[in-house]
Amino acid sequence: MNMLLNPLNRRHRLRYDIPVVPGAFPLVGHLPAIACDLPRLLRRAERTLGSHFWLNFGPAGHLMTCMDPDAFALLRHKDVSSALIEEIVPELLGGTLVAQDGGAHRQARDAIKAAFLPKGLTQSGIGDLFAPVILARVQAWRHRREVIILPETGDLMLKLIFSLMGIPAQDLPGWHRKYRQLLQLVVAPPVDLPGLPLRRGRAARDWIDAQLRQFVRDARAHAARTGVINDMVSAFDGSDGALCDDVLVANIRVLLLAGHDTTASTMAWLVIELARRPVLWDALVDEAQRVGAVPTRHADLAQCPVAEALFRETLRVHPAITLLPRRALQELQLGQRRIPAGTDLCIPLLHFSTSALLHEAPDQFRLERWLQRTEPIQPVDMLQFGTGPHVCIGYHLVWLEMVQFCIALALTMHKAGVRPRLLSGVEKGRRYYPTAHPSMKTRIGFS
């Protein structure tokens, strides 16, 4: 941790009577420590400074971070805005549901959300579309016997997303290349010159948007077809109020982003936990053998409680989204402090996901907390998807994908007489920001 903080900046300072975490570097602030060792940074700051402190996010500025459980309620607070997200990543998230509030958010969300509810996903046949793609990938792992897990799950998620959009197989390499360039907009310095990430990212975004516009035109020309894109376009066109196609295209693009990196990370961690814990693998295999096939409808997921518990516990212990930025529109009471209007806030989902105040034995990976519960899933149980008006629209899709993946993996590997085994460490090279994932070099064997 000490190597990730600036040794020349250890003076304690206050900002609006709230302490600033020492150790920020010029230009990049605390980003090295946030990206590489966020849990320890948060624990150290809470231990030495209390529950409220400022973190320096470099180009994004200072965000007041609150470790008090009251901070989670900010996600539903009417006087807290998501507009800060657009200011941090304007090139990628500008004009999308993620960064909008109030009427604009509701209008755009209502126009497309039906396609992502269980009924819409079932009608579109998404489970039937995904099952063979997932099976083909895990069968390839069985033959190779060893994989670097995160790149593999990342590639699988891109294939699922692209199949969702109906992209022909021959076009996938071009989409992969443009998508990778698009992601550079997340961290691109604000310098627009040929060959630099900002220029490449913008060009990739424009190319992807042009393709999406064609998908929209095709959906309108063939309205009788089924599929998520057709359903989104149909619902969008039938919604109240005039929404331009720019809104639809921007939100389809952000759904591509949201559905890839975060789900790939969770999928990779799930395989790692199965490799670490043979008893969990045996329980999953027993369930997969009983079910007998990869489920394709949300109605089938109730038959897979172990797979669902693996998904939920993996997401709790290894949240893909660790921090959420917000802005206070009015003065707020947050824990024991008054927060001035206009304060930029950081909600540490990583902290709440493993907090002893919210979860029993939070450091233990326990399926029983899901298998033995009798009450419905609560917002705090799925906080990685957010809550309130900004709860992730893809929640039910991810739930389906993860259960399908679990059952496909268990059926395929058990039939071959092998199980996942961890061949390398997962901590060295682990990242926590802007999204979290295990080491890019973590290897999984099947033997």
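Biologist: How many salt bridges does the count come to?
Modeller: The count comes to 29 salt bridges. Keep in mind that this is a predicted model.

Biologist: Let's take an example. Which side chain does Glu91 meet in a salt bridge?
Modeller: Glu91 meets Arg205, with 2.8 Å from N to O. Glu91 belongs to helix α3 (residues 90-93) and Arg205 to helix α9, so this pair ties together parts that lie 114 residues apart in sequence.

Biologist: Is Arg205 buried or exposed?
Modeller: Arg205 is buried, because its relative accessible area is 15% and the cut-off for buried is under 20%.

Biologist: How accessible are Arg202 and Asp192?
Modeller: Arg202 is partly exposed, with a relative accessible area of 24%. Asp192 is also partly exposed, with 34%.

Biologist: Which residues are linked in the network of salt bridges?
Modeller: The network links Glu91, Asp192, Arg199, Arg202, Arg205 and Asp206.

Biologist: Switching to nonpolar residues. Which ones make the surface patch?
Modeller: Val191, Leu193 and Leu196 make a nonpolar surface patch of about 220 Å².

Biologist: Where is Val191?
Modeller: Val191 is in the loop between α8 (172-183) and α9 (197-221). Val191 counts as partly exposed, because its relative accessibility is 38%.

Biologist: On to strands. How many residues of β3 are buried?
Modeller: In strand β3 (residues 52-56), 5 of its 5 residues are buried. Both faces are covered, with His52, Trp54 and Asn56 on one side and Phe53 and Leu55 on the other.

Biologist: What does β3 pair with?
Modeller: β3 is joined by 5 bridges to strand β4 (residues 62-66), and the two run antiparallel. Asn56 stands opposite His62 in β4.

Biologist: And what about the turn of that hairpin?
Modeller: There are 5 residues between β3 and β4 in the hairpin, and Gly58 takes a positive phi near 65 degrees.

Biologist: Which residues of β7 are on each side?
Modeller: Leu324, Arg326 and Ala328 are on one side and Pro325 and Arg327 on the other, and all are buried. That covers both faces of β7, which spans residues 324-328.

Biologist: Two arginines in there! Which residues do they stand across from?
Modeller: Arg327 is the bridge partner of Ser81, and Arg326 stands opposite Leu345 in β10. β7 is joined to β5 (residues 80-81) by 2 bridges and to β10 (residues 344-347) by 4 bridges. Both pairings are antiparallel.

Biologist: Last topic. What is the order of strands in the open sheet?
Modeller: The order is β6-β12-β11, an open sheet of 3 strands with antiparallel pairing. β6 (146-148) and β11 (420-422) are the edge strands, and each pairs on one side only. From one strand to the next, the twist averages 30 degrees.

Biologist: How many bridges join β11 to β12?
Modeller: There are 3 bridges joining β11 to β12 (residues 443-446). Leu422 stands opposite Ile444 in β12.

Biologist: And which helix lies across β11 and β12?
Modeller: Helix α11 (residues 245-276) does, running at about 90 degrees to β11.

Notes:
Residues are numbered from 1 along each chain as its sequence is written. This is a predicted model: local features need pLDDT of at least 70, side-chain atom pairs count only at pLDDT 80 or more; totals for chains, interfaces and linings use all residues. Side-chain values use heavy atoms; hydrogens and water are left out. Patches are made of residues with over 30% relative accessible area and no salt bridge: like charges are joined within 9 Å, nonpolar side chains (Val, Leu, Ile, Met, Phe, Trp, Tyr) within 5 Å. Accessible areas come from the Shrake-Rupley method with a 1.4 Å probe; for residues, only the protein chains shown count as cover. A salt bridge is a side-chain nitrogen of Lys or Arg within 4 Å of a carboxyl oxygen of Asp or Glu. Buried means under 20% relative accessible area, exposed over 50%, partly exposed in between (1.4 Å probe, protein chains only). Two strands pair if DSSP finds at least two bridges between them. Axes are lines fitted to C-alpha atoms, for helices over the stretch in contact, and angles run from 0 to 180 degrees between N-to-C directions. Contact means heavy atoms within 4.5 Å.
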